[in-house]
Amino acid sequence: MESTDRSTKNLHDEFDPEDYLKAFYPFDPKAPLKDDYLKMLLLKLHGIFSSGRVKGNLMLDIGCGPTIYQHLSSCEAFTEIIVSDYCTSNLRYFERTLNNEPGTKDWTPFFKFVCELEGNSGKLDEKRKKLRSVVKQLLECDITKSNPFEPVVVPQADCVVSFESLACASKDVESYRQIVKNVNSLLKIGGYLILTDSLGLTKYLCGGTWIPVLNLNAQLIREIVTDSGFLIEEHEFFSLDNYVFEPERCNYNAVLFLLARKDRNI
């Protein structure tokens, strides 16, 4: 496995949420979602959270980015969600999007799709209000630290989600291993980890800056998660073959999805 060099950039200053969304979430807000990766992910998340299997008081989102789609189903299963990111620009953009401010990405197709799955077709305003009411805090986060939110201390959560973020925070396999252990400490025994990470990705372009990503394979991710105190209950591959983004800006074509339950402290 190759390592990444994170010393050549400052993500706080250089990450561009609008450029990222334009490149990797290029949908028409008036068009229905296609049968692509994001639609499959929304279906998966709806199934998990609507079943009552994963629910509770507190959910933590590690590396939320500038996107909100990941909480359209989870906001119905938790009373409080704390979103966090290494980049302050992402947190600012997330908050603006949450408040539906002008100039932010229009996630209407996602809201419509999830509302239809829930049998609440047309109730987009209610879903937006629900999401705003459940997201209680936006925190800066460095998941490489034992307390990623320092100096803030948060209680152990019932669920942690992280979508394609942990590999970005890792410089090598051992740091990825330590990061997953840090995630373990954020969860109660019996709490759930919902994780996606890119397979084979080494870098992507955002705002004119190449963001390095640790190149991982599915077997290694599963081994590290299992060794870090989790029992994997589900794993699935999502192909990106039908997901339209600018291919010259990244070099991957699959994502691994994991649902794992914390079995022990590490």
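Analyst: Helices (H or I, at least four residues) and strands (E, at least two) are DSSP runs, numbered from the N terminus. The model discussed here is predicted.

User: Which residues of α4 are buried?
Analyst: Helix α4 spans residues 88-98, and eight of its 11 residues are buried, so the helix is largely enclosed by the rest of the structure. The buried residues are Thr88, Ser89, Asn90, Leu91, Tyr93, Phe94, Thr97 and Leu98.

User: How are α2 and α4 oriented to each other?
Analyst: Helix α2 (residues 17-24) packs against α4 at an angle of about 70°, with the axes 9 Å apart. Angles from 65 to 115 degrees count as roughly perpendicular. The two helices, α2 and α4, are therefore roughly perpendicular.

User: Which residues of α2 and α4 make this contact?
Analyst: By class, the contact of α2 with α4 holds three nonpolar, two polar and two charged residues. From α4 come Ser89, Asn90, Tyr93 and Arg96, and from α2 come Pro17, Glu18 and Leu21.

User: At what angle do α5 and α6 pack?
Analyst: Helix α5 covers residues 108-117 and helix α6 residues 124-134, and their axes are 10 Å apart. The angle at which they pack is about 100°. That makes α5 roughly perpendicular to α6, for an angle of about 100°.

User: How many charged residues are in the contact of α5 with α6?
Analyst: On the α5 side, Thr108, Phe111, Lys112, Val114 and Cys115 take part, and they meet Leu124, Lys127, Arg128 and Leu131 of α6. By class, five residues of this contact are nonpolar and one is polar, while the charged residues number three.

User: Against which helices do the buried residues of α5 pack?
Analyst: Seven of the 10 residues of α5 are buried, so α5 is largely enclosed by the rest of the structure. The buried residues are Thr108, Pro109, Phe110, Phe111, Phe113, Val114 and Cys115. They pack against α3 (37-50) and α6.

User: Which strands stand at the edges of the open sheet?
Analyst: Seven strands form the open sheet in the order β3-β2-β1-β4-β5-β9-β8, and the pairing is mixed. Each edge strand has a single partner strand, so one side of each is left without a neighbour in the sheet. These edge strands are β3 (135-140) and β8 (230-239).

User: Across which strands does α7 lie?
Analyst: Helix α7 comprises residues 173-185 and runs at about 145° to β5. The strands it lies across are β4 (157-163), β5 (187-198), β8 and β9 (254-262).

User: With which residues is Ser162 in contact, leaving aside its neighbours within four places in sequence?
Analyst: Ser162 is placed in strand β4, and its relative accessible area of 1% makes it buried. With those sequence neighbours left aside, its contacts are Ile62, Ile194, Leu195 and Thr196.

User: Which residues have the most contacts inside the largest nonpolar core?
Analyst: In soluble globular proteins, nonpolar side chains tend to be buried together. The largest nonpolar core here has 93 residues. Those with the most contacts inside it are Tyr176, Ile194 and Tyr204.

Notes. Residues are numbered from 1 along each chain as its sequence is written. This is a predicted model: local features need pLDDT of at least 70, side-chain atom pairs count only at pLDDT 80 or more; totals for chains, interfaces and linings use all residues. Side-chain values use heavy atoms; hydrogens and water are left out. Axes are lines fitted to C-alpha atoms, for helices over the stretch in contact, and angles run from 0 to 180 degrees between N-to-C directions. Angles under 35 degrees count as roughly parallel, over 145 as roughly antiparallel, 65 to 115 as roughly perpendicular and the rest as oblique. Contact means heavy atoms within 4.5 Å. Ala, Val, Leu, Ile, Met, Phe, Trp, Tyr, Cys and Pro count as nonpolar, Asp, Glu, Lys and Arg as charged, and the others, Gly among them, as polar. A nonpolar core is a set of buried Ala, Val, Leu, Ile, Met, Phe, Trp, Tyr and Cys residues joined through side-chain atoms within 4.5 Å. Buried means under 20% relative accessible area, exposed over 50%, partly exposed in between (1.4 Å probe, protein chains only). Two strands pair if DSSP finds at least two bridges between them.
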